[in-house]
Amino acid sequence: MKYALFALLLSLAACASEQVQYARPQPNVNFRSYKTYNFMDVTARNDAAFEGPGTGIATLKQVVGRELSRRGYQQSDTPDMLVNIGVVTQEKVQTRETRIQEAPVYIGQRRYHWQSQDVVVGRYEEGTATIELVDAAQQELIWQGSVKSVLTPDEAKLTQRIDKAITALFAKFPVSPQ
């Protein structure tokens with residue numbers, strides 16, 4: 001029983017964390033020379049998947065905008081820097097391995113053997129957001145970062161996870177908050 005409780009707590013702790021995958025600035029870029037930003041106006045391949053509440057796209061834009069504003073950048077219709085946001089979701093399966101205690105009782109057959117198996121205990125969605133900053137004049141990538149988190153249908157929790165993940169990502173940005 002203690003093992004099962006420990007495994008459950010460990011799996012919940014692992015699922016709840018937002019993970020910064022990477023944050024990469026291009027070499028020799030002076031990020032202080034940029035003053036303004038705006039989001040790229042692009043259409044998703046499957047627009048229907050990102051429509052309506054609970055998708056997190058509006059929250060991503062809001063939090064990225066807040067983090068850029070904290071660093072002295074202002075949103076503008078003629079920006080120095082363009083922000084591209086990419087989102088990928090993937091269904092994941094949570095499993096556990098069977099133990100010898102779960103094996104059928106041996107009743108004397110020859111060549112009996114037991115082998116552990118993975119048993120599905122749950123399914124969840126994991127989302128990865130990639131933020132790219134592009135020099136608007138030269139159309140060159142100047143910074144890229146990515147975060148990963150477990151998604152939830154609860155809008156309040158989703159907003160909280162996005163906020164936490166993007167804040168952690170921008171902690172690795174070359175310009176500190178003012």
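**Charged pairs**

*Task.* The side chains of R66 and D163 meet in a salt bridge, 2.5 Å from N to O; find which helices this pair ties together.

*Solution.* 
- Start with the elements: R66 belongs to helix α2 and D163 to helix α3, so the pair ties together parts that are 97 residues apart in sequence.
- Check the rule: a salt bridge needs a side-chain nitrogen of Lys or Arg within 4 Å of a carboxyl oxygen of Asp or Glu.
- Helices (H or I, at least four residues) and strands (E, at least two) are DSSP runs, numbered from the N terminus.
- Now look at the surroundings. R66 is partly exposed at 34% relative accessible area, and D163 is partly exposed too, at 27%. On this scale, buried is under 20%, exposed over 50%, and partly exposed in between (1.4 Å probe, protein chains only).
- Finally, widen the view: R66, E67, R70, R71 and D163 are linked in a network of salt bridges.

Before going on, note that this is a predicted model, where local features need pLDDT of at least 70 and side-chain atom pairs pLDDT 80 or more, while totals for chains, interfaces and linings use all residues. Residues are numbered from 1 along each chain as its sequence is written, and side-chain values use heavy atoms, without hydrogens or water.

*Task.* Decide whether K164 and E18 are buried or exposed.

*Solution.* 
- First find the link: the side chains of K164 and E18 form a salt bridge (3.6 Å, N to O).
- K164 sits in helix α3 (residues 155-170) and E18 in the loop between α1 and β1, so the two join parts that are 146 residues apart in sequence.
- Then read the accessibility: K164 counts as exposed at 55%, whereas E18 counts as buried at 16%.

**Strands side by side**

*Task.* Work out which strands flank β5 and how they run.

*Solution.* 
- Strands pair if DSSP finds at least two bridges between them.
- Strand β4 (residues 81-97) pairs with strand β5 (residues 118-135) in the antiparallel sense over 17 bridges. Within this pairing, T89 stands opposite G127 in β5.
- R123 lies in β5 and E91 in β4, so the link spans 32 residues in sequence. R123 is exposed at 56%, and E91 is exposed at 52%.
- β5 and strand β6 (residues 140-150) run antiparallel, joined by ten bridges. Here V134 stands opposite L141 in β6.
- Four residues lie between the strands of the β5 and β6 hairpin, where Q139 takes a positive phi near 55°.

**A buried threonine**

*Task.* Which residues touch T59 beyond its neighbours within four places in sequence?

*Solution.* 
- Locate T59 in helix α2 (residues 57-70).
- T59 is buried, at 14% relative accessible area.
- Apart from those neighbours, T59 is in contact (heavy atoms within 4.5 Å) with T159 and I162.

*Task.* Where is the confidence lowest, and where is it highest?

*Solution.* 
- pLDDT is the predictor's confidence in each residue, from 0 to 100.
- The protein has a mean pLDDT of 81, and 74% of its residues reach 70 or more.
- Helix α1 (residues 2-16) has the lowest mean, 39, and strand β3 (residues 74-75) the highest, 97.
- Over residues 1-16, pLDDT stays under 50, and the model has four contacts there beyond four places in sequence.
- Where pLDDT is low, the predicted coordinates should not be read in detail.
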